[in-house]
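Biologist: I'd like to learn how to read a structure like this one. Could you walk me through it, feature by feature?

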Amino acid sequence: KSSIQVKDQDREERGERHEERGEAAQLASLAKIDATQATSAALAQVPGTVLKVALDNENGDLVYSVEVKTASNDIKDVKVDAGNAAVLHVDAEHQGEDEGEDE
């Protein structure tokens, strides 16, 4: 659980067309840290190169999703609390073994 909770019911009231844009603005207004702070926290946990940073509503939790490419070419999806920069979870982004297997 993150320190910032997001209500999902707002999504239904706005309608489908404006959902993405409206939700992004709402999430940004709730976040207490910025993408730079989230990136620093993610890299402290998983050293590598940042590929992408996005502010997401993960099951009602407001988190930054930071994709990091490690030295071994693994891609990790690091979930960083948008309220306090705590690393909540690290996922392997590409779990299939088919990429780069022949090298």
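**Reading the fold, turn by turn**

Modeller: Let's start at a turn. β3 and β4 form a hairpin with five residues between the strands, and there Ala 85 has a positive phi near 65°. Keep in mind that this is a predicted model.

Biologist: Fine, let me step back from that turn. How many helices and strands does the protein chain have, and in what pattern do they follow each other?

Modeller: The protein chain has three helices and four strands. Along the sequence they read α-α-α-β-β-β-β.

Biologist: Next, the sheet. In what order do the four strands lie, and is the pairing parallel or antiparallel?

Modeller: To read a sheet, go from strand to neighbouring strand. Here the order is β1-β2-β3-β4, the sheet is open, and the pairing is antiparallel. β1 (49-58) and β4 (87-92) are at the edges with a single partner strand each, so one side of each has no neighbour in the sheet. On average, neighbouring strands are turned by 20° against each other, direction ignored.

Biologist: Which helix packs on this sheet, and which strands does it touch?

Modeller: That is helix α3, residues 35-45, which touches β1, β2 (61-69), β3 and β4. The direction of α3 makes about 55° with that of β2.

Biologist: How many bridges join each pair of strands?

Modeller: Take the pairs one at a time, and look for residues that stand opposite each other. Nine bridges join β1 to β2, and in that pair Lys 52 faces Glu 67 of β2. Seven bridges link β2 to β3. There, Val 68 stands opposite Lys 76 in β3, and Tyr 64 stands opposite Val 80. Between β3 (residues 75-81) and β4 there are five bridges. Val 80 stands opposite Val 87 in β4, while Lys 79 has His 89 opposite it.

Biologist: Now for the inside. Are β2 and β3 mostly covered or mostly uncovered?

Modeller: Mostly covered. In β2, eight of the nine residues are buried, and in β3 six of the seven are. For the protein chain, 31% of the 103 residues count as buried.

Biologist: Which residues touch the most other members of the largest nonpolar core?

Modeller: First the general idea: in soluble globular proteins, nonpolar side chains tend to be buried together. In this model the largest nonpolar core has 16 residues, and Leu 62, Tyr 64, Val 66, Val 78 and Val 80 touch the most other members. α3, β2 and β3 are the elements that give two or more residues to this core. β2 gives the most, with four residues.

Biologist: Could we take one of those residues? What is Val 78 in contact with, leaving aside its neighbours within four places in sequence?

Modeller: Its contacts are Ala 42, Val 46, Tyr 64, Ser 65, Val 66, Val 68, Val 87, His 89 and Val 90.

Biologist: And the loops? Where does Ala 82 lie, and is Ala 82 buried or exposed?

Modeller: Ala 82 lies in the loop between β3 and β4. The cut-off for buried is under 20% relative accessible area, and Ala 82 is at 0% relative accessibility, so it counts as buried. Not counting residues up to four places away in sequence, the residues Ala 82 touches include Ile 4, Ala 31, Leu 55 and Leu 62. The C-alpha atoms of Ala 82 and Ala 38 are 7.3 Å apart, although 44 residues separate the two along the chain.

Biologist: Why does Thr 70 count as buried?

Modeller: Thr 70 counts as buried because its relative accessibility is 14%. Thr 70 lies in the loop between β2 and β3. The side chains of Thr 70 and Ser 72 are joined by a polar contact of 3.1 Å. Leaving aside neighbours within four places in sequence, Thr 70 is in contact with Val 46, Pro 47, Gly 48 and Lys 76.

Methods: Residues numbered from 1 in each chain as written. Predicted model: local features only at pLDDT ≥ 70, side-chain atom pairs only at ≥ 80, totals over all residues. Heavy atoms only, no water. Buried < 20%, exposed > 50% of the residue type's maximum accessible area, 1.4 Å probe, protein only. Pairing = 2+ DSSP bridges. Axes fitted to C-alpha atoms, helices over the stretch in contact; angles between N-to-C directions. Contact = heavy atoms within 4.5 Å. Core = buried A, V, L, I, M, F, W, Y, C linked by side-chain atoms within 4.5 Å. Polar contact = N/O pair within 3.5 Å; in protein donor to acceptor, adjacent residues only side chain to side chain.
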